[in-house]
Each structure stands twice: as structure tokens, then as C-alpha cells.
Amino acid sequence: MKVYNLENKNRHIIRRLGNFSVLEYDKDLSIGSLNAMDHYFMAEMGMRRRQLVINMNGNNSAIVQAGAMQWMAGNVTATSGVKGVGDLFGKALRGAVTKESAVKPEYQGNGLLVLEPTYKHIILIDVGGWGAGITLEDGMFYACDGTVRSSVIARRTLSSAMLGSEGLFNLSLSGSGIAALESNVPEDELIVIDLENDEVRIDGDMAVCWSSNLQFTVEKATNSLIGSAISGEGLVNVYRGTGRVLMSPVANTSSWGEAAYTSKANAAK
């Protein structure tokens, strides 16, 4: 099997890690006249279509979000990734509490697997480099090697569970292999904070991911309610211990996306 024109003068691979590659469209020629201007200015601001390309060499497998596959070539097959009724129940429960798809298909074989385009930034991470594992903000998981293990981490304190803006549970990845995350912020804009028996306090859900061994709690910004009232700060997310936090420099916002263009085109008709 040979694949031609995957890359050309309008789209090219911007990042490779392991068997994972990120294909970015410098110029998208598949648009219509109604949204050409919007696409032009979005591209000027770095909002471009991107696709995850996974090279399947026969010795590896890939787990992806349900419905994310666009096309595959070669002897590549997909399974549900479910290993029985108990496993299905566990995956359904995990999906319900982490806002991820309950069942993620697993692809294996020899060939090429290409996922649907997204306007979000695709961040490739070596999970093994995070030691005890990496915990993700809700909805960030996109794909990973089949060797990567996933689990659910619950809040360690009642205050975190009741008051935290991160949600009750988060998806944690561990083991060895590459993971692809969908982020509203490009990787080179993320702030990296390495803690050594220290802590970082963040006002809002700006943490993209963090080391799974860090203790995450929600606490008052100051030691007293009066102090919080005077300072204008209320509750903050606190990450404490030894590990790493990747933080967005601004509050998370949703990408405009293709749905907006579709609605706009329908309205024009």
C-alpha cells in the first residue's frame, strides 16, 4: 500500500511522536464562498484544521474517541475494546463521570489510521515521561497507544468534590505510550509548572493536565472568609506535592468550529 498527497503545499505534518503525527492545513481549499473570509482570518490567527495520523505497523494498536475515525487504509481492523459485561459496565460508569465516550474503539493491524479534522490543537504526550501518570481535564482525551492504561481518579477531599470546577472525577492515563489530547490552546502557549514539595493555586479550570500523584483540592484563596470577601477572590484549585502541571494562560473557551459555518450557510439560504 502507498498513500500519495497526504502532505502537499497546503497541508503538512507539524509534529511527530512515536507512531502519531499531526497534520495541519495551512490553507483549506475545501470551503465555500459563504465562509471563505471567516476561514481566511481564522487561519491568520492560527485556527486551522488539524488531523491525527496514526501509523499502524502491525505491532501496535490505538484507542480513539468513539466516532473520531475518518478513514483507514491497509489491513487495519477495529474492535469495541470491551472485554465482557463487567468491562462494559466499568467503561460506561467511567464515561458517565468523566464526560468521555463510554466505549472507545481499539484499532490494530498494518496500515494507516486518520482521524476526523478538528479546529482544536492536538498535543502529543509521552505518558511514560509522567511517572505515576497524567490526569486530564474533562473532554481532552483524543487517542492513545493501546499500551496506555486508563483509570478514573476521584477527588481526595469532599471540598474538591462539592466545590471544584474540574468535576467530580477525571480520566487518568498511565503506563507507556503516546497520548493525543485536544486543546483549545497550542502546546507552545501552555505554561509548565514543575513542583517539588510545593503547591500552585489556580483561579478557575485553567489546568489542562497534571501529574496523577499531585493532590488536588479546592480551598479558599485566603485563610478567612473576610479576607476572601475583601480580596474579591473566592475558591481556587490547589495542586500540591511533587509533579507537573500544564496550565492555559487564559480561561478555556470553545472553538467556533464547523457547526457555526453550517448554521451561517443555512441562514443565508
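Visitor: What makes E14 and E15 count as paired strands?

Guide: In this predicted model, 6 bridges join strand E14 (residues 215–220) to E15, and the two run antiparallel. Two strands pair if DSSP finds at least two bridges between them, so E14 and E15 qualify. One of the bridges links Glu219 to Val236 in E15.

Visitor: Which strand is joined to E15 (residues 235–247) by 10 bridges?

Guide: That is strand E12 (residues 191–202), which runs antiparallel to E15. Here Ile193 has Val245 of E15 as its bridge partner.

Visitor: Why is Trp210 called buried?

Guide: Its relative accessibility is 3%, and buried means under 20%, so Trp210 counts as buried. Phe216, at 4%, falls under that cut-off too, so Phe216 is also buried.

Visitor: What makes the aromatic pair of Trp210 and Phe216 "tilted"?

Guide: Let's take the distance, then the angle. The ring centres of Trp210 and Phe216 are 5.8 Å apart, and the limit is within 6.5 Å, so the rings pair. Their planes are 45° apart; under 30 degrees would be stacked and over 60 edge-to-face, so this pair is tilted. Trp210 and Phe216 also belong to one aromatic cluster with Tyr239. In the whole structure, the search finds 4 aromatic pairs.

Visitor: Which residues touch the most other members of the largest nonpolar core?

Guide: They are Ile125, Ile134, Leu136, Leu173, Leu181 and Cys209, out of 20 residues in that core. Several strands contribute at least two residues each, including E6 (121–126), E10 (169–175) and E13. There is also a second, separate core of 18 residues, with Phe20, Val22, Val76 and Tyr142 among them.

Visitor: What does Cys209 touch, leaving aside its neighbours within four places in sequence?

Guide: Its contacts include Ile125, Trp130, Ile134, Leu136 and Leu181, as well as Arg244, Val245 and Leu246.

Visitor: Is Asn10 buried or exposed?

Guide: Asn10 has a relative accessible area of 14%, which is under 20%, so Asn10 is buried. This residue lies in the segment before strand E1 (11–17). Not counting residues up to four places away in sequence, Asn10 touches Glu24, Tyr25, Asp26, Lys27 and Leu29.

Methods. Residues numbered from 1 in each chain as written. Predicted model: local features only at pLDDT ≥ 70, side-chain atom pairs only at ≥ 80, totals over all residues. Heavy atoms only, no water. Helix = DSSP H or I, 4+ residues; strand = E, 2+ residues; numbered from the N terminus. Core = buried A, V, L, I, M, F, W, Y, C linked by side-chain atoms within 4.5 Å. Buried < 20%, exposed > 50% of the residue type's maximum accessible area, 1.4 Å probe, protein only. Contact = heavy atoms within 4.5 Å. Phe/Tyr/Trp six-rings, centres within 6.5 Å; stacked < 30°, edge-to-face > 60°.
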